[in-house]
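My plan is to go from the whole chain down to single residues.

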Amino acid sequence: MEIEEFPRQPFHIRDAERLGCSHRSVRRAAEEGLLVRVTRGVYRRSDVPDTVETRAAAARWVISPHHVAVDRTAAWLLGVDMLTLHEHELLPPLEVCALRGRNPTHRPELDGRSRDLSPVDLTRVGDVRVTTPLRTSLDLGCHLRRREAFAAMCLLARQHGLTAGDLVRELPRYRRRRGVVQCRQLARHVEPRVESHREAWTLLEIIDAGLPAPEPQWWVERDGLPVFRLDFAYVAARVCVEYDGADAHDRTPDQREHDRQRRAWLQEDGWTVIVVRRGDFTGAGLTRWLDALREALRPSYTNRRW
């Protein structure tokens, strides 16, 4: 079985025979890694890049013209993946809603619902109608768990040029909506310079701890040239917070040595480096680095006499 036997465009398994392949060959090709299951019943070749255009072409097989992709499906089509690791294995139904005057779908591959959407809430990705980045961001700010909601809002802002002000100005439309209290709390802290889900989590923990917000993606210069970019920096205090999500065994010896030298140079240059790792968002791990950050930011001098 060769990968060239399958079309380059995403296809639905129900059309396999028309395309010259059987259901069995499609499933076997997926098991062998030649095909990737994009959503329920829809496949693409593994040598085709996972782009927004490819995702839209795959979703077109499932989402009818009378439905709108919303929530996490809309975010996925807009370039921000909010599915959990477990859901990537099971591939949950696509999240859609019916346009006004239409009934929600009951197809098993779709999670159909109703929602009052205005024309300004809608855009298109390829042939698929989706909620706009702004509407999607606010919907997820209401619907997702707090950390994931903040990550979605930051990453959509980064991908589509939104600001915290854009989100805050739109919030009056959401008055009395379920989840709006959380969304309102998060919207004013949205930071488009955050580059990953866990960086967003790190920033949110700093804010929730009552600490001042750091400067994201700060370049440290050497001899007037930018040499190191820090995830988060308190420039005046020379304190930085770095999220390091890689396990030690995932790194090559050269990468580990580069990290060691980089952090040693920062410390020699007067920086306090606080490293946040994958498991440091609950319990003792969270307490450890927040306490270290709080201590590092404590002024060493005050002009108060008492």
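Here are my notes, in the order I looked things up.

**Ground rules.** I am working with a predicted model, where local features need pLDDT of at least 70, side-chain atom pairs count only at pLDDT 80 or more, and totals for chains, interfaces and linings use all residues. I number residues from 1 along each chain as its sequence is written, and side-chain values use heavy atoms, with hydrogens and water left out.

**Whole chain.** I found eleven helices and twelve strands; these are DSSP runs numbered from the N terminus, with helices (H or I) of at least four residues and strands (E) of at least two. The C-alpha atoms fill a box of roughly 80 × 50 × 40 Å along the principal axes. Of the 306 residues, 46% count as buried. Buried means under 20% relative accessible area, exposed means over 50%, and partly exposed is in between, using a 1.4 Å probe and protein chains only. I also looked up contacts (heavy atoms within 4.5 Å): among those with a separation of 6 or more, 61% join residues 24 or more positions apart.

**Cores.** Which residues touch the most other members of the largest nonpolar core? In this set of 66 residues, they are Ile 63, Leu 77, Val 130, Phe 150, Val 190, Trp 289 and Leu 293. Helix H6 (residues 146–160) gives the largest share of this core, nine residues. I noted that a nonpolar core is a set of buried Ala, Val, Leu, Ile, Met, Phe, Trp, Tyr and Cys residues joined through side-chain atoms within 4.5 Å. A second, separate core of eleven residues includes Ile 3, Ala 16, Cys 21 and Ala 29.

**Helix H6.** I checked its length next. The 15 residues of H6 should span 21 Å at 1.5 Å a residue, and the end C-alpha atoms are 21 Å apart, which agrees; the expected span is 1.5 Å times one less than the number of residues. Its buried residues include Phe 150, Met 153 and Leu 156. Which elements cover the buried residues of H6? Among them are H3, helix H5 (133–143), helix H7 (164–170), helix H8 (180–187) and H9. After H6 comes Gly 161, with a positive phi near 70°.

**H6 against H9.** The axes of H6 and helix H9 (residues 197–208) come within 8 Å and cross at roughly 115°. Axes are lines fitted to C-alpha atoms, for helices over the stretch in contact, and angles run from 0 to 180 degrees between N-to-C directions. Residues that meet here include Phe 150 and Cys 154 in H6, and Trp 201 and Leu 204 in H9. The residues of this contact divide into eight nonpolar, one polar and five charged. For that count, Ala, Val, Leu, Ile, Met, Phe, Trp, Tyr, Cys and Pro are nonpolar, Asp, Glu, Lys and Arg are charged, and the others, Gly among them, are polar.

**Two buried residues.** Is Asp 71 buried or exposed? Asp 71 is buried, with a relative accessible area of 3%. It lies in helix H3 (residues 71–77), and its contacts beyond four places in sequence include Arg 113, Arg 115 and His 143. Phe 6 lies in the segment before strand S1 (11–12) and is buried at 2% relative accessibility. Phe 6 touches Cys 21, among others; their C-alpha atoms are separated by 7.6 Å, though the two are 15 residues apart along the chain.
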